[in-house]
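Keep the sequence and the model side by side while reading.

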Amino acid sequence: MGYVMFKRKNQNFNVLPTHLAIILDGNGRWAKRRGLKRTAGHKAGVVALKATIKNCFDLGIKVVSFYAFSTENWNRPKEEIDTIFSLVRDFVKNDLEEIYNYDVKVVASGDYTKFPADLVEELEKCFEKTKNGKTFILNLCINYGGRAEIVRAVNNIMQSGKKSVNEDEFSKFLYTADLPDPDFIIRTSGEQRLSNYMLWQCAYSEFYFPKICWPDFDKSELIKALNEYGKRNRRFGKIKEN
């Protein structure tokens, strides 16, 4: 199983999501409020990312997805994009080493092959190194867009020769084919929209929109979010029985 510290018993959660997905929003605003460059916000965001991954695994959440770079983010200034690439490169090459102890499998959703060649190489080394992880899954959503994912799935279905598919079969052509749909989606910074994230997978997800920016999302905020999730009544279209 690997080295896993379960602290769930100390938190008294009613229920935990099997798959937690987080939209990392507000890095730029966090920096602006402090009179810093947007790039400083992204650096602080990586610190929060590393801590949140560990906190999620310590609490026993089996699958965690992070929306770190969208297909629309290519429209940002080159300096900012280059900084993000550099931070992702360092994160994958250095920071993830500590997370490997959790018996984690690292995967990606999105066409990461469009990134710089050296970053692609580091990502694929990480995927190969962790491919046998069985306790947790870390899903990095990078160069990801929900509409692009659906179009990609449709094209792959047509290329496979299939004339029609049902919902379960369609899901097998998505980036998340081997993952459960997210039970709980968190977007920081107070914005209340998905921004093209997991449009197919979120059909029955619960949503949570804390007003704090991503760099300030610490363990106490995670626990607050999970306690809120535990209060939700998930019926999936059914009537709750007494």
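Gly-146, Glu-149, Ala-153 and Ile-157 are buried in H5 (buried: under 20% relative accessible area; exposed: over 50%; partly exposed: in between; 1.4 Å probe, protein chains only). Seen down the axis of H5, these buried residues fall within an arc of 75°, so they line one face of the helix. The arc is that of the directions from the helix axis to the C-beta atoms. The face turned away from the buried side carries the exposed residues Arg-147, Met-158 and Gln-159.

Strand E4 (136–144) and helix H6 (167–171) are among what covers the buried residues of H5. Helices (H or I, at least four residues) and strands (E, at least two) are DSSP runs, numbered from the N terminus.

This is a predicted model: local features need pLDDT of at least 70, side-chain atom pairs count only at pLDDT 80 or more, and totals for chains, interfaces and linings use all residues. Residues are numbered from 1 along each chain as its sequence is written, and side-chain values use heavy atoms, with hydrogens and water left out.

## Helix H5: length and end

H5 has 14 residues (146–159) and should span 20 Å at 1.5 Å a residue. The expected span is 1.5 Å times one less than the number of residues. The end C-alpha atoms of H5 are 20 Å apart, which agrees. Just after H5, Gly-161 takes a positive phi of about 90°.

## Met-198 in its loop

Met-198 lies in the loop between strand E5 (184–187) and strand E6 (206–208). Met-198 counts as buried because its relative accessibility is 0%. Contacts (heavy atoms within 4.5 Å) of Met-198 include His-19, Ser-65, Cys-141 and Pro-182.

Technical notes
Lists of a residue's contacts leave out its neighbours within four places in sequence.
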